[in-house]
Amino acid sequence: MDQDIVGARQQGRALAVKLEFSPGESTLIATAISELARNIVSYARRGEIRIRPAQNGERPGIVIVASDDGPGIRDIRQAMRDGFSTSGSLGLGLPGVRRLMDDFEIVSEQGKGTTVTVKKWKL
Amino acid sequence: MEVPILKQGSFLIATVQAALSDADLLQFRSALIQYVVRSRSQGVILDVTDLDVMDSFASRTIREIAQMIRLRGAETVIVGIQPEVAFAMVQLGLTMEGVATALDLDEGLEYLNQKRKTATSPESREPGRG
């Protein structure tokens, strides 16, 4: 549901603010969540977004895991290129999300689904 | 969800709220276009000051609104994109190409007034341009 996209990014922003990310960083995190949730809604229809605090040595951070059991991505390298899209939407999603966050990891299997894990660490 | 649309002379001012879903945005798009047609507006200010996230869908929808309004012969100017929102948009690779933007409501009104002046002065009238 597209209403859930708003809910996911609001929860993400709330946690980012609680973890004392700056307003600018919190906006980057909320925007990344919005795009990840959008990918789920448009390609897989349903899935889930988990948002939790993380720790990298001394550095606190936030982890977002977006997973679905949708059709999967056939060519991840192609999907990670700017301007590529199969749903005719925009094709900015994944490469854009990678630029918004610090760490980016994607696992996808055709017919099984896709899991994208992104992290942002506090400056 | 309602998006307030105010009439200010021959212009419209629409204020986009913070947490609009995709469906809300599409509903807003059609409401605004209808309003532009009904009121024969010459210009529209889209105030996005409260918008805390401008993702790919929101920015595409806003670009489409501006293009539709242009086809009606009116101008659109986006005002109030927050600095952190602008930063996130650039990181994400989103642009507002072809859409006028201004700092705030005052500057947006000034932009539309300028546009109207140049559009109505006879020496600048060039059919088929733009």
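How many residues of chain B are in contact with how many residues of chain A? 18 residues of chain B are in contact with 22 residues of chain A (contact: C-beta atoms, placed from the backbone, within 7 Å).

This is a predicted model, where local features need pLDDT of at least 70, side-chain atom pairs count only at pLDDT 80 or more, and totals for chains, interfaces and linings use all residues. Residues are numbered from 1 along each chain as its sequence is written, and chains are lettered from A and ligands numbered from 1 in the order in which they are written.

**Stop 1: the side of chain B that touches chain A.** Select H1, H2 and H3 (83–92) of chain B; each supplies at least two residues here. (Helices, H or I, of at least four residues and strands, E, of at least two are DSSP runs, numbered from the N terminus.) H3(B) gives the largest share, six residues.

**Stop 2: H1 of chain A.** Select residues 2–18. Buried here are A:Ile5, A:Ala8, A:Arg9, A:Gly12, A:Arg13 and A:Ala16 (buried: 20 or more other C-beta atoms, placed from the backbone, within 10 Å of the residue's own). Look down the axis: the buried residues fall within an arc of 130°, so they line one face of H1(A). (The arc is that of the directions from the helix axis to the C-beta atoms.) Their packing partners are H2 (23–44), E1 (47–56) and E2 (59–68) of chain A, together with H1 of chain B.

Stop 3: Click A:Glu20, which follows the helix. Its phi is positive, near 65°.

Note on methods
Two residues are in contact if their C-beta atoms, placed from the backbone, lie within 7 Å. The expected span of a helix is 1.5 Å times one less than its number of residues. A residue is buried if 20 or more other C-beta atoms lie within 10 Å of its own, exposed if 12 or fewer, and partly exposed in between; C-beta atoms are placed from the backbone.
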